[in-house]
Every structure is written in C-alpha cells, then in structure tokens.
Amino acid sequence: MSEYPKTVTLKDGLKVLMDVKRQENIEQSRIFFTSMPPEDRLYLRRDVTSQKVLEERARELADGRAFRLATYVNDEMIGEANLDRPLYGWTRHVAEMRVVVARQHQGKGVGKALIREIFSNAVRLKYTIVEANVIEEDTKVLDLLERIGFHREGVLRNQAMDFYGKKHNIVVMSFNVDDMWKDLSEYYHSFEIYKT
Amino acid sequence: MARYPKSVRLRDEGVFSIRPLRLDDFNAFLMFSRDIPPEDRLFLRRDVSDPEVVQKMIAESQSESEIWLVTLKDQRIVAQGSIQRSLHGWMRHVGEMRLVVARDFQRRGLGSLLARELFICAIGLKIEKVMAKMAIEQLPSIKCLEKLGFQKEVVLHNYIKDLNGLYHDMLIMSQEI
C-alpha cells in the first residue's frame, strides 16, 4: 500500500490524486453520491444517499468486506472504485469490482484509471476471480475490460432496469487470476527452453 | 402474506405447514441451520451455524425487501426459502430465490412446494425476474426449477469453491414473470 496516495495524470493533463480509503469519510461520500444525477445513481446497487447505507458502507470497509480506492481533485472526491470482498461462502474467492465517476469528470479517463487500479489490487489481494457486471450497451467499458484480459462469462437478460424503466442486458465479465499465472509460467518456461 | 399459514398434505409424508419466518423462530431456525451438513452449509452465503448470524438473518427477514418462508413438520423447521431483492438500483425488479431443505426431508417434493410458494409471493411483489444460483452438479435443484419454468441462463466457470478447495461451475437459472 506504500504506493498510495499517488498522482495520476489523465489524457487531458488533468492531475488526480488516487488513494486507498482506509476508513470511510461518510460526509464526503454523502456529498459525492448526492451530487450525482438520479439516473446515474440508479446504476448503484443501494440507496447511497441514505444515512443507514452510508454507515453500512463504513462498516464494510472497517471489517474488510470491501476495499476502496478514490480519486480526488482539490480534495473533492470525483470517483470511487469498490471491491466487494466476501468473507464467507461458496464465492469467497470471487471479488466483484465496481467503479463510479462524478458526471462532470466522466470521459476524462478517471474510470479507466480506477478500473485498472482496482483490478491490480484485486490481483494483489489474491482473489482467484475478479468480476465486473457491465450493461451490454457500455461497449467502451467492455472493450477496456477485454483489453485488460477479462472475458465474457455470459449475458443476464433484462437484468438491469434504468431510470426510465427500460431493461438492459448485463454482461458478466470475469478474469481468472490463476489462469493468468498459469499462462505466464508456461510462457516463461517456453522462453527458457527457447533460450537454451 | 394473507395466504399463510397454509397446510399442505404431501402423499405418504403427512401434513406440513408453510408460513413466513417469525422473530420468535430463532431457536427452531438455529437448530435447522446447525443440522445442515458442513458440505451443504458452504453453499450458503453466511455461516448459519453462528447464533449472531442467525439472529441478524431473522431480523433482516422482516424487511420489505425480503420474503422468508419456512416449512414445518410437527413444530420443526424442515425447509426454508427466501426471495431477496434490492429496493433500489438497477436490479430492483430482480429477486433472488434461495432454498434449503433439511437433509432428511430432501427428495420428497418440499423444495418444489416451497419454490412454488415463493414464486407466487414474487408475483405479488411485482418482481419481474426471479433468479436462482446453484452448483452445476445440483441436478435435483435444476430439475425442480425447470419444472417451475426456469431456464438456464449463464454458467460461471469456477465460481464456487467447496470445503475441499475444489472449484465448481455456478449455474444461474431464471424466469421472467
């Protein structure tokens, strides 16, 4: 964790500070979430404007059920990446990542930087599978995840309903970390044989 | 919930009662949970052998985002099932069904019976899609849901890790209402 906080320069020269959330700043999160337009907020799983949910989020971070990164400009939080970390049960090796960026900072590469960073943290935390659920029409995010090495596990039909009541398919994207290490070790093994 | 309690007679098995889980079910529910063999217990999301977890589950079961039903035989809980959904967010129209039947009462139709009841409750809550997750090897559960009209939707590779650390594929089945 020594690499945090760090400054990330985005494509238009915008410098953002990226840091690990060691504890939840409820007031800061409230400002971030309540300033989001309702139609963006709908892509979140919970009513993050409610005090109860904000407190639950703080507990998740405190007891290790979540790992979070945030990006800041002039101390204002402009994006958050969340890793759900199940502590028990049959999917305890699967971490789901989610990223949210403030409307006025979308399209600047904040989301991309957060996706890459939260993913590398999931690998560091030794999860076997990293998962992302993406709306089928969100091709930019799907392409980015595929470039990182995620693959499409399948499509859940009509799994998401937007602010206007329209339903969308969700693509379940996953990255198998064990397979990556296996592929890498095979690659290096072949390389060694080639060298000799 | 006005339809409960409901008595159901199963051929050769006698009479069972189905009703919502209540706050005073703590001891019966804990007993039911602790009787689940460890290998079955791992297919649950939480450690239901822990009284604190059970207490929390029962409290949560009273929330409007969840429906919990239990099947009783002579005051003993022999099956429990739930439909859980989020009241907010992009999946507010989706309910997830979960079912557990006591080992000594499996393969008697109790799972199908409870699943049917939960499905009716889901319709009442205006849930538009019901989904269920299981290991791809859980053939009786798959057959039971297929009989209710569920379809196989997605197979997630190695999404389940059992007690021995072995990976299994997870099947997601669903039915749109």
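Chain A of this predicted model has a mean pLDDT (the predictor's confidence in each residue, from 0 to 100) of 90, with 93% of its residues at 70 or more. Chain B averages 91, and 99% of its residues score at least 70. For the complex, the predictor gives an ipTM of 0.86 and a pTM of 0.87.

Residues are numbered from 1 along each chain as its sequence is written, while chains are lettered from A and ligands numbered from 1 in the order in which they are written. As the model is predicted, local features need pLDDT of at least 70 and side-chain atom pairs count only at pLDDT 80 or more, whereas totals for chains, interfaces and linings use all residues.

**Confidence by element**

- Helices (H or I, at least four residues) and strands (E, at least two) are DSSP runs, numbered from the N terminus.
- In chain A, confidence is lowest in helix α6 (residues 177–195), at a mean of 70, and highest in strand β3 (residues 66–73), at 97.
- In chain B, the lowest confidence is in helix α2 (residues 38–41), at a mean of 76, and the highest is in β8(B), at 96.
- Where pLDDT is low, the predicted coordinates should not be read in detail.

- α3(A) has 12 residues and reaches 17 Å from its first C-alpha to its last, close to the 16 Å expected at 1.5 Å a residue (1.5 Å times one less than the number of residues).
- A:Gly64 follows α3(A) and has a positive phi, near 85°.
- Helix α1 (residues 26–34) of chain A packs against helix α3 (residues 51–62) of chain A at about 125°, with the axes 10 Å apart; axes are lines fitted to C-alpha atoms, for helices over the stretch in contact, and angles run from 0 to 180 degrees between N-to-C directions.
- A:Ile26, A:Ser29 and A:Arg30 of α1(A) meet A:Leu54, A:Glu55, A:Arg57 and A:Ala58 of α3(A), where contact means C-beta atoms, placed from the backbone, within 7 Å.
- By class, this contact has three nonpolar, one polar and three charged residues (Ala, Val, Leu, Ile, Met, Phe, Trp, Tyr, Cys and Pro count as nonpolar, Asp, Glu, Lys and Arg as charged, and the others, Gly among them, as polar).

**Contact between the chains**

- Chain B and chain A each give 26 residues to the contact.
- On the side of chain B that touches chain A, β7 (151–161) and β8 (167–176) of chain B each supply at least two residues.
- The largest share of that side, nine residues, comes from β7(B).
- By class, the side of chain B that touches chain A has 12 nonpolar, six polar and eight charged residues.

Notes. Contact = placed C-beta atoms within 7 Å.
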